[in-house]
Amino acid sequence: MRGRFSATFAVALLLLPGSAAQAQTAFSDFPVNGQISAFPVNQGSSTSDSFTLASSATITQVVFGAWVLPGDSVTGVTWAIGTTPYDTSLGTGVATATSVYDSTNVDNYDVNTVTFAIPSVNLAAGTYYLTLSNAVSASAGGVWWDINDAVGVDAWNSSYGHVSAAGTCFATIGISGSCAESFQLLS
């Protein structure tokens, strides 16, 4: 009897569920800080930023920094992933978003961390582009994608064109230094 109990107990331990699955960060260009500027991703404007994966990943979630009017929040966004700016060939959709207030910046905008899920997008190691557009806020106000102090990415904006090559900071509109728009991809 003792031997059977031990074997049953050992099998039961093997079958116990582990902790909930943790999302792995496939790409990160955080922090969200609201200190430099932001590009619109609604009201006819879209922005496309590059990201590079060191190994293959299945992307299931996007987190990005947004500027909104005081008290507002982002509730939805259109997204796309492709191999060139604004390309939709690897995945596109409209997602419901959740917005968490981080701070109010010196320009009197609320700076939020916005999260939305996407259907699984399988990507090999390489460089791709995330495009955000048609963002919706709770009050139908503006939504801007936060530019932060992180390492630069290749960024394009539908109003300004090619705004930042990797390692530069939107020199075409008079911002200097090293910065990029803040976002994370989770797998």
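Leaving aside its neighbours within four places in sequence, which residues is Gln24 in contact with?

Author: The model is a predicted one. In it, Gln24 makes contact with Leu185, Leu186 and Ser187, once its neighbours within four places in sequence are left aside. Gln24 itself belongs to the loop between α1 (2-15) and β1 (25-28). A further relation concerns Ala57: 33 residues separate Gln24 and Ala57 along the chain, and their C-alpha atoms are 9.3 Å apart.

Ser182 counts as buried because its relative accessibility is 0%, under the 20% limit. Leaving aside neighbours within four places in sequence, the contacts of Ser182 include Asp29, Phe30, Pro31 and Val32. Val63, Phe64 and Gly65 are also among the contacts of Ser182, as are Trp145, Asp146 and Asn148. Of these residues, Phe30 and Pro31 are joined by a cis peptide bond, with omega of about 20°. Pro31 is placed in the loop between β1 and β2 (37-40).

The core deserves attention next. The largest nonpolar core has 31 residues, and those touching the most other members are Phe51, Ile81, Phe116, Leu130 and Leu132. The most is given by β4, with six residues. Apart from this core lies another, of six residues, including Phe39, Ala155, Val163 and Cys179. To return to Phe116, and not counting residues up to four places away in sequence, this residue touches Gln61, Val62, Phe64, Val77, Trp79, Ala95, Thr96, Ala97 and Leu132.

Strand β3 (residues 46-53) runs antiparallel to strand β8 (residues 126-137), and eight bridges join them. Within this pairing, Thr131 in β8 stands opposite Ser48. Strand β5 (residues 74-82) is likewise antiparallel to β8, to which seven bridges join it. Here Ser133 in β8 is the bridge partner of Thr78.

Strand β8 also contains Asn134. Although Asn134 is not a glycine, its phi is positive, at about 50°. Asn134 is classed as partly exposed because its relative accessible area is 47%, which falls between the limits of 20% and 50%. Gln43 also has a positive phi, of about 55°, without being a glycine. The location of Gln43 is the loop between β2 and β3. Gln43 has a relative accessible area of 63% and is therefore exposed, the limit being over 50%.

The loop between β3 and β4 contains Ala54. With a relative accessible area of 80%, Ala54 is exposed. Along the chain, Ala54 and Ala125 are 71 residues apart, yet 5.2 Å separates their C-alpha atoms.

Methods. Residues numbered from 1 in each chain as written. Predicted model: local features only at pLDDT ≥ 70, side-chain atom pairs only at ≥ 80, totals over all residues. Heavy atoms only, no water. Pairing = 2+ DSSP bridges. Helix = DSSP H or I, 4+ residues; strand = E, 2+ residues; numbered from the N terminus. Contact = heavy atoms within 4.5 Å. Core = buried A, V, L, I, M, F, W, Y, C linked by side-chain atoms within 4.5 Å. Buried < 20%, exposed > 50% of the residue type's maximum accessible area, 1.4 Å probe, protein only.
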